[in-house]
Amino acid sequence: MTRIRSSDAMSRVSIQLHAQDHGRPMSLAEFRTADTDDGRRYELSRGTITVTNIPNRLHLVVLNAARQQLSAYEVTHPGVIKFAASGTDCKIILADTESERHPDWAVYKSEMPSEIADDEDLWEVWIPDLVIEVVSPDSRHCDFEDKAEEYLQFGIPEYWVLDGERRRMLALQRAGGRYKPTEVRPGDLYRSPQLPGFVFDFGKVMEALAAAQK
Amino acid sequence: MSRLQTQLSLSDRGRRMSLADFENAETLEGQLFELSRGEVVVVDVPHLPHAVQVDTLREQVSGFRRANPGIIKAILSGGECKIPLHVTESERHPDLAIYCTFPDTPHDWSAWIPEVVIEVVSPTSRQRDYEEKPKDYLQFGIREYWIVDRAERVMLVHRRVGGQWKVIPVRPIELYACPVLRGCTIDIAKVFAAADELEG
């Protein structure tokens with residue numbers, strides 16, 4: 001972590017994050033103003049900095065295969081999805097747990113809020129309708145446990161965890177104030193309540209992963 | 001398998017019950033029951049000033065709905081909808097619930113999440129409206145919860161910000177434009193005035 005003092009009259013200190021900051025504690029307030037410029041992805045996970053190296057080849061293969069199906073749906077069902085964003089394009093800020101998350105993929109059915117109060121941040125009030133995380137070996141616990149809790153708290157109606165290594169997908173749908181899990185295996189077709197008419201073929205994602213592993 | 005169905009009556013006020021049993025229970029016509037953290041609550045038929053405030057609010061939201069078709073799918077009152085929470089063993093019936101989507105599976109109240117719910121405070125509901133319901137509505141995934149409090153001359157808009165409620169007081173001198181309902185505007189002065197007029 002480097003603290004850079006700017007020369008303007010306010011003498012503002014900006015924080016530059018580096019790979020070695022992984023595991024370092026930090027407040028959400030400091031993290032939100034910190035800069036990064038090295039192509040890695042930084043999250044704040046319950047007050048601790050988490051650094052993810054990009055790219056991870058197989059992670060991208062799984063995400064890309066899922067994304068292609070969502071893109072096809074956007075073409076056949078125009079107007080349902082207003083925005084779709086990768087982790088570098090969006091964030092999810094939770095003051096309560098001192099977390100800032102960057103989901104692998106976020107789908108928004110609502111328009112981007114145009115008027116934000118001075119004391120609010122777009123990423124605290126704009127709630128995606130579906131988020132997707134692709135599990136990597138070091139993110140397994142975080143994706144299944146921590147993020148499920150936080151995405152529920154944030155108000156997200158549906159959350160998918162795609163686990164290529166174990167050839168399963170967990171679809172979590174909000175019901176009665178908690179996430180109801182549905183396990184999806186290759187060969188199962190999954191219908192998302194958030195995207196009417198969309199049928200997700202998890203088998204196709206696993207085929208793409210198998211081809212990339214050859 | 002034969003299953004005993006519970007019939008709830010006024011004497012069940014305060015009785016402990018699970019959400020599963022409560023959802024299966026029958027109630028006598030004309031009475032509204034809630035389950036509040038595992039305890040049966042009989043919702044007293046509110047007095048007329050309460051009813052005209054709910055009516056005025058519904059009229060304002062309905063006016064926006066007519067002028068802006070396609071945004072609001074349903075405006076339901078407490079007798080027409082329910083909010084079941086498995087986590088806290090509660091079933092809530094808000095004074096008004098505004099939905100911008102239809103559920104994927106009909107009849108599944110647990111997955112149909114209103115964007116906005118409104119409670120008009122009455123003397124008997126004050127503690128529930130202020131203390132218990134904010135937690136339940138946050139947990140359920142609701143985007144905004146409005147507490148309309150004529151005694152205090154304020155509408156407290158609870159807006160979901162970063163996974164918590166941020167409380168914004170709206171006074172009768174100002175209009176409230178709701179971002180979740182794409183600019184639906186509420187004139188709370190008119191809501192209070194309707195009840196004030198009744199009481200002379």
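Modeller: Buried here means under 20% relative accessible area, exposed over 50%, and partly exposed in between (1.4 Å probe, protein chains only).

Biologist: OK, so what share of the 214 residues in chain A is buried?

Modeller: Buried residues account for 50% of them. Keep in mind that this is a predicted model, where local features need pLDDT of at least 70, side-chain atom pairs count only at pLDDT 80 or more, and totals for chains, interfaces and linings use all residues. Residues are numbered from 1 along each chain as its sequence is written, chains are lettered from A and ligands numbered from 1 in the order written, and side-chain values use heavy atoms, without hydrogens and water.

Biologist: How many helices and strands does chain A have?

Modeller: Five helices and 14 strands, taken as DSSP runs (H or I, at least four residues, for helices; E, at least two, for strands) and numbered from the N terminus. Chain A is as compact as a globular protein of its length, because its radius of gyration is 18 Å, close to the 17 Å from the globule rule for 214 residues. That is over C-alpha atoms, with the rule being 2.2 Å times the number of residues to the power 0.38.

Biologist: And what box do the C-alpha atoms of chain A fill?

Modeller: Roughly 60 × 40 × 30 Å, along the principal axes.

Biologist: Switching to rings. How many aromatic pairs are there over all chains?

Modeller: The count is 14. Rings of Phe, Tyr and Trp (its six-membered ring) pair if their centres lie within 6.5 Å; planes under 30 degrees apart are stacked, over 60 edge-to-face, the rest tilted. One stacked pair is B:Tyr99 with B:Trp112, at 3.8 Å centre to centre and 25° between the planes.

Biologist: Where do B:Tyr99 and B:Trp112 sit in chain B?

Modeller: B:Tyr99 is in strand 8 (residues 96-99), while B:Trp112 is in the loop between strand 8 and strand 9 (116-120), 13 residues apart.

Biologist: Is B:Trp112 buried or exposed?

Modeller: B:Trp112 is buried, at a relative accessible area of 9%. B:Tyr99 counts as buried too, at 0%. B:Trp112 also pairs with B:Trp109: the centres are 5.6 Å apart and the planes at 35°, so that pair is tilted. B:Trp109 is partly exposed, at 22% relative accessibility.

Biologist: Back to chain A: which residues do ring pairs link into a cluster?

Modeller: A:Tyr73, A:Trp160, A:Tyr190, A:Phe198 and A:Phe200.
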